[in-house]
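Subject: Structure handover

Hello,

Here is the structure I promised to pass on. Please open it first, then read my notes below.

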Amino acid sequence: MPHTSPPLPQPVALIMAGGAGTRFWPVSKRQRPKQFLSLCSERTLIQECFDRLQGFIPPERIMVLTSVDFLDLVKEQLPEIDPLRIIGEPCRRDTAGAVALGALLAQRIYGDCTLVTLTSDPCIHPTELFQATLRSAVAGAQQADTALYTMGIAPDFPSVSYGYLHRGERLSGFDDIPHYRLQGFREKPDLQTAEQYLASGEYYWNSGMFIWQTKAILAELRRHLPQHLAILEPIMSAYGTERWPSALAQAFAQLPRISIDYAVMEKAKDVRTVEAQFSWYDVGSWQALEPFLNDDGQGNRCRGTCLSWDSRHNIVYSDDPQRKIALVGVEDLVVVQSGQHTLVVSRRHLEDVKKLVANLPADEQ
């Protein structure tokens, strides 16, 4: 039977904020990707992620892992966090590199602790239910020394854009929030397979948010990805010194690119999930912003000033409130205006925005 979670030692949070966000061009660009933009509210996505932790995890127990190119942006947007706790990856090495580095640093700074690893770019609400889910997962991870927890999102349509978690036996949980053992991770499926997952009721979307004790994830990394720790552990003594940037750059460049799901989570023995009690929106494309934009009464979703005639099912976004965008006789378009750039794309071709951006001059990306 579920029971109330005990008083918890304070966990540590690691916010991962190194993504490029090219599908949100032209608002999101290389020098200011989507996690630093106000897409779902007046606060930026990374600020919203920080805000959701307040009252549960204090700023002095929050770290941010980002690209070295974004260090100043993180410091500007999250002045509450000690700059020493904002770590810049010198190059991208996928999520296994980020998790290994974050776990080693958390253990060095805070000792053995429960580590909450969060992505910076989903829109999540309400905060109360997010914290309730997180608190339950932390209680589970603290009770089970070897458990690796993820947050599972109950799917409401057959998405081919997300990985899936195959739910197994139900476990004792905390605060009436369901806990399950996982039977396995599934890669992004085709539509027919996604429909089967949805119909079975046995699958969650993989949110990419994890909760574990540092000793648990480091033990699994040592078992399944020892090369990462062999490269990173020797440089931990340089943290907080002038040697740190060069030591990290030299070590990180040696890491092979591999995801934490593939390298560890699919192979670990004790992998569990908590069923998310909150609404989760993976803001992966302009279409995903629809719930957060104003309805103009004509079937269009808009931010900024939108004028329309005989037009429907369009998305209009401008980061300049004085700019007016007019639509006449069009459907299923996404129109985005930012600075000197205007994007007009059919909803059917939103994935191709990445191809456009890849072929632009570097200073336009």
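Start with the contacts along the chain. Take those between residues at least 6 apart in sequence: 68% of them join residues at least 24 apart. Keep in mind that this is a predicted model.

Next, the overall build. The chain has 10 helices and 18 strands. Its radius of gyration is 21 Å, close to the 21 Å that the globule rule gives for 365 residues, so the chain is as compact as a globular protein of that length. Along the principal axes, the C-alpha atoms fill a box of roughly 60 × 50 × 35 Å. As for burial, 53% of the 365 residues count as buried.

Now to one helix pair, α3 and α8. Helix α3 covers residues 94–110, and helix α8 covers residues 244–252. Their axes come within 13 Å and cross at roughly 140°. Angles over 145 degrees would count as roughly antiparallel. The pair α3 and α8 is therefore oblique. The crossing of α3 and α8 is right-handed.

Which residues meet there? From α3, they are Gly 97, Ala 98, Leu 101 and Leu 105. From α8, they are Trp 244, Leu 248 and Phe 252. By type, the residues of this contact divide into six nonpolar, one polar and no charged.

Best wishes

Key:
Residues are numbered from 1 along each chain as its sequence is written. This is a predicted model: local features need pLDDT of at least 70, side-chain atom pairs count only at pLDDT 80 or more; totals for chains, interfaces and linings use all residues. Side-chain values use heavy atoms; hydrogens and water are left out. Axes are lines fitted to C-alpha atoms, for helices over the stretch in contact, and angles run from 0 to 180 degrees between N-to-C directions. Helices (H or I, at least four residues) and strands (E, at least two) are DSSP runs, numbered from the N terminus. Angles under 35 degrees count as roughly parallel, over 145 as roughly antiparallel, 65 to 115 as roughly perpendicular and the rest as oblique. A crossing is left-handed if the near helix is turned anticlockwise from the far one by less than a right angle, and right-handed if clockwise. Contact means heavy atoms within 4.5 Å. Ala, Val, Leu, Ile, Met, Phe, Trp, Tyr, Cys and Pro count as nonpolar, Asp, Glu, Lys and Arg as charged, and the others, Gly among them, as polar. The radius of gyration is taken over C-alpha atoms; the globule rule is 2.2 Å times the number of residues to the power 0.38. Buried means under 20% relative accessible area, exposed over 50%, partly exposed in between (1.4 Å probe, protein chains only).
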